[in-house]
Amino acid sequence: MKISEFFLPTLKEAPSEAKVISHQLMLRSGMIKQSSAGIYSWLPLGFKVLKKIEDIIRKEQDSIGGQEILMPTIQPADIWVESGRYEDYGQEMLRIKDRSNRELLYGPTNEELITDIFRTHLKSYKDLPLLLYHIQWKFRDELRPRYGVMRGREFLMKDSYSFDLDLEQSRLTYQKNFLSYLRIFARLGLKALPVKANPGPIGGDLSHEFVILAPNGESDIFFDKTLLELDPLSKENYSDKNIIDKAYNKWAQCYSVTDDIYNEKEYNQFVSPENRTNSRAIEVGHVFYFGTKYSKSMGANIINNKGESVNVHMGSYGIGVSRLVGAIIEYSHDDKGIIWPINVAPFSVGILNLKNGDEYCDRMSELIYQNLLIAGVEVLYDDTSERAGSKFANMDLIGLPYQVFIGLKSKETGLFEIKERSTNKRYFLALDSLINHLTEIFN
Ligand code: 5CA
């Protein structure tokens, strides 16, 4: 993509309503545009990141046997009356009436809808286990939408729902999803910690939040520092029940809790003084085991291998996809702008033509651009006639992992400067090595 043709409405200054750095940087780099409180349009740069995050999540969910579906945003109210949650959700739920006066709502989550699908089509223990997920917009009429996309009213969530025969199978599924979440966040370039949490309106007796440590987080967590040293990408074989159990326990046995269930006395037996710590944190995911809460109230039964009709055991597993865009920026930026982790960067490489209009600079910039495109590298080429200084600032702001500079010096030396955004490391390469080098990093 050439910047001269790209819709990239960057701003010099962040609008004053943006209080946290991620919100400021998202507005300045033209990723989003607010349409009303807590509701945003995603512009090309922001939308690319959103799609990259989705893809990473999708691959991981598929690898543990998840099957993707798509449920609607608008749901009928009657299934929520059946589950008993229609009143509980209070003013957070956006209630709608259609022209025939039927009560509908914009879904804040999908336990009811998925339970309705399950009870219609699945009847036997032979159909289990089943893990269905979708990536869909949700609406919660938050009292205080704030921090840009991090606490929106309309937001994108990946939500999975699991169905199992009994408690034992269901716990195993919970553990598999828990481990899968650790891998997802690691692939997104984040160090996420699992934290025991309050299940809130979703219900159940077992739940973990996945958080990243950040000063602008809305939660407070207390945890054992050894958690920071565990490896989320360990290569154990997760098809074996005992190995899953062991890997899960390694994490789950480390003390970590959100402040609303924190118990000082318990924290001080369990954790030695040198390992105690607490931090602000951003909740990026939340997993729940709630057993038969919905299957009981909504009559989602299966016939077990003894011929008895029993309530199916369920869990749900959410990731805040749109929140993650803000959370990643909170986690990875400097005073010049965003520093995208490689896997979610909207483009991998930025090309800066520092002397637009000069025959050599134009020709070499175009050549490098075309060669990288052919090699399958995602490139954004700044071919505008802006001053070099403003091109530097703009590229740093939008945070692509690598920058390549083509200027008059290259004409003398035949070398092109490369800058690594995250480390600020700079080095020079000739044309062929430059193309090979960048192609190797990204393929
Ligand atoms: N049904 C369950 C899991 S599938 C559920 O709704 N869980 S949740 O309420 O914890 O939401 C899942 C994730 O969505 C949260 O971890 C958070 O990352 C994200 N999320 C929740 N509320 C918002 C919001 N107002 N704005 C942006 N993201 C949000």
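**Y147**

I looked up Y147 and found it partly exposed, with a relative accessible area of 21%. The term covers what lies between buried (under 20% relative accessible area) and exposed (over 50%), with a 1.4 Å probe and protein chains only. Y147 sits in the loop between β7 and β8 (154–164). I read helices (H or I, at least four residues) and strands (E, at least two) as DSSP runs, numbered from the N terminus. The phi of Y147 is near 60 degrees, a positive value in a residue other than glycine.

The model is a predicted one, in which local features need pLDDT of at least 70 and side-chain atom pairs count only at pLDDT 80 or more, while totals for chains, interfaces and linings use all residues. Residues are numbered from 1 along each chain as its sequence is written, and side-chain values use heavy atoms, with hydrogens and water left out.

I then looked up N424, which is not a glycine but has a positive phi of about 65 degrees. N424 lies in the loop between β22 (415–420) and β23 (426–430). With a relative accessible area of 42%, N424 is partly exposed.

Next I checked the peptide bond from L128 to P129, which is cis, with omega near -5 degrees. P129 is placed in the loop between α4 (111–121) and β7 (130–139).

**Helix α2**

I went along helix α2 (residues 44–63), which has 20 residues. From its first C-alpha to its last, α2 reaches 29 Å, close to the 28 Å expected at 1.5 Å a residue. The expected span is 1.5 Å times one less than the number of residues. The buried residues I noted in α2 include L45, V49, L50, I53, I56 and I57. K52, E54, E60 and Q61 of α2 are also buried. Just after α2, G65 takes a positive phi of about 90 degrees.

**Helices α5 and α6**

How do the axes of helix α5 and helix α6 cross? The axes of α5 (residues 167–187) and α6 (residues 241–252) come within 9 Å and cross at roughly 60 degrees. That makes α5 oblique to α6. Axes here are lines fitted to C-alpha atoms, for helices over the stretch in contact, and angles run from 0 to 180 degrees between N-to-C directions. Angles under 35 degrees count as roughly parallel, over 145 as roughly antiparallel, 65 to 115 as roughly perpendicular and the rest as oblique. The crossing of α5 and α6 is left-handed, a term for a near helix turned anticlockwise from the far one by less than a right angle.

On the α5 side I listed contact residues including L172, F178, L179 and L182. On the α6 side they include I244, A247, Y248 and W251. Contact means heavy atoms within 4.5 Å. The residues of this contact of α5 with α6 divide into nine nonpolar, one polar and four charged. In this scheme Ala, Val, Leu, Ile, Met, Phe, Trp, Tyr, Cys and Pro count as nonpolar, Asp, Glu, Lys and Arg as charged, and the others, Gly among them, as polar.

**Helices α1 and α9**

I compared a second pair, helix α1 (residues 21–28) and helix α9 (residues 321–331), which pack at an angle of about 110 degrees with their axes 8 Å apart. α1 and α9 are therefore roughly perpendicular to each other. In α1 the residues I21, S22, L25 and M26 meet V325, G326, I329 and E330 in α9. By class, the contact of α1 with α9 has five nonpolar, two polar and one charged residues.

**I338**

I found I338 in strand β18 (residues 337–338). At 0% relative accessibility, I338 counts as buried. Leaving aside neighbours within four places in sequence, I338 is in contact with residues including L25, M31, I329, H333, L397 and R421.

Is R85 buried or exposed? At 1% relative accessibility, R85 counts as buried. R85 lies in the loop between α3 (78–83) and β5 (94–97). R85 and Y294 are 209 residues apart in sequence, yet 10.0 Å apart in space, C-alpha to C-alpha. Neighbours within four places aside, the contacts of R85 include W80, T109, E111, P201, K293 and Y294.

Last I looked up S297, found in helix α8 (residues 293–298). S297 is partly exposed, with a relative accessible area of 33%. Its contacts, sequence neighbours within four places left aside, are E82 and S83.
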